[in-house]
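Student: I would like to learn how to read helix packing and pockets in a model. Please take one feature at a time.

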Amino acid sequence: MVDNTDPFWPQPDSELDIITEDEITTIRREVEEALENESLTSAAGKIQDYLEDVQNVELNIAITGESGSGKSTFINAFRGLDDEAKDSAATGVVETTMEVKDYPHPKHPNVKLWDLPGVGTPNFKPEDYLKKVEFDRYDFFIIISSERFRANDVLLAKEIQKIKKKFYFVRSKIDATMDAEKRRKKNFNQDETLERTRLNCIKGLEDQDLGCPKVFLISSFELHLYDFPDLEETMEKELPAHKRQTLLMPIPNLTLEINQRKKEALLSCVWRSALKSGLAATVPIPGLSFAADVKILTDEIHKYYHAFGLDDESLQNLAERMDVTEKELKSVIKSPLLSEVKHDLILKMLTKAAGGGLMIAEYWASTIPVIGSMAAGALSFGTTHYMLKSCLNELSEDAKNVLMKALKADNE
Ligand SMILES: Nc1nc2c(ncn2[C@@H]2O[C@H](COP(=O)(O)OP(=O)(O)OP(=O)(O)O)[C@@H](O)[C@H]2O)c(=O)[nH]1
Ligand SMILES: [Mg+2]
């Protein structure tokens, strides 16, 4: 039975037992796709490969704009690094971005940000810019300017439109704009100043015949403020479905809304990891009546910690940015710390989850025959599914509390 008094996951929660029709349809469809033309003997391997592929989807984001507009600083902030960090992009007041260079996300190397020289720099003339930067490689473009957008920015946007790719206009250094306005005006009003800056940028673009542009106001020093969360959501929505999660996971856990969306996205594919773990397991776990590949589950849970910014490095970064200590942030976390999440702990959790999980395992097996026949001996699916869901719920709650603690401290 599940012990209700133990604070560690899995926690009993009747919602965890509910498997929606949508979920079943998705799984059935994806499993069938993976199995097309396969004999059942090679099916397990095939599904495993397929599940791997989904997790290794690449995303390439091009960052372009005039020299000094803040491209490299934005790239560092997006990757959760400050400008002094070891693998950060060089930033500064002298011109630094002279050639195309990729910056993989430190924890999600399949997501790369590409620092592109501005259009019109000596080696990158507008007419052959896209060809020179090998435009085909990118999923979309972010065009950054710290003032109004110039003719070259608009020229580039129009070229990108022609090749049917997406671009986003980012007006950077908005914190500096706000500070300057504050100093200049006695009756400073932040919302009004933001709106005016936005309209000014939009009008500049419209004057150059670019219809209905959207402009995102951003400070790379304070990504959680202003329009960054909106930009992230917009980019995510406009990506093909299989790439949405690839973008969302590496985004720093900056707002409660991002936290919630990460939770939902991860919940929607818990079944993949549960299935993968069951398929990969060859040896039953002593004392349990099912097999699960514990390494896969451990990796998956580590992934959750990183996605929610609950690893030491992310907590440290957050503490540095906000007016709060790492210790204070950790004090609101109920789950074990990441360093404690090892093989033994996962086994303990599995044993505990077996109470809740096995109840639904049979249901799964009977609802989706492929899983039923393939993972039949190893009834790990229900248990691992239950355990992952449960720990995901707890971790997102911890992340929410950490974020609220940080925001509260920063506002005091
Ligand atoms: N206040 C403020 N300053 C910023 C922001 N983003 C960048 N800067 C500063 O602007 C200067 C130029 O930033 P970079 O990121 O080096 O600009 P870049 O576009 O990479 O420049 P090049 O490599 O020369 O093309 C640096 O001094 C940054 O610290 C921001 O959001 N707010
Ligand atoms: Mg640069």
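Student: How do the axes of α6 and α7 cross?

Tutor: Two packed helices are described by the angle between their axes and the distance between the axes. Here helix α6 (residues 174-184) and helix α7 (residues 190-207) have axes that come within 11 Å and cross at roughly 125 degrees. α6 and α7 are therefore oblique to each other (under 35 degrees counts as roughly parallel, over 145 as roughly antiparallel, 65 to 115 as roughly perpendicular, the rest as oblique). Axes are lines fitted to C-alpha atoms, for helices over the stretch in contact, with angles from 0 to 180 degrees between N-to-C directions. Helices are DSSP runs (H or I, at least four residues), numbered from the N terminus.

Tutor: This is a predicted model, in which local features need pLDDT of at least 70, side-chain atom pairs count only at pLDDT 80 or more, and totals for chains, interfaces and linings use all residues. Residues are numbered from 1 along each chain as its sequence is written.

Student: At what angle do α8 and α10 pack?

Tutor: Helix α8 (residues 228-238) packs on helix α10 (residues 256-267) at about 30 degrees, the axes being 10 Å apart. α8 and α10 are therefore roughly parallel to each other.

Student: Which residues lie nearest the centre of the second largest pocket?

Tutor: A pocket is an open set of 1 Å grid points where a 1.4 Å probe fits, with protein on both sides within 12 Å along at least five of seven lines; lining residues have an atom within 4 Å of a point. Of the 37 lining residues, Ala77, Gly80, Pro252, Asn317 and Arg321 lie nearest the centre. α13 gives the most to this lining, with 7 residues.

Technical notes. Chains are lettered from A and ligands numbered from 1 in the order in which they are written. Side-chain values use heavy atoms; hydrogens and water are left out. Helices (H or I, at least four residues) and strands (E, at least two) are DSSP runs, numbered from the N terminus.
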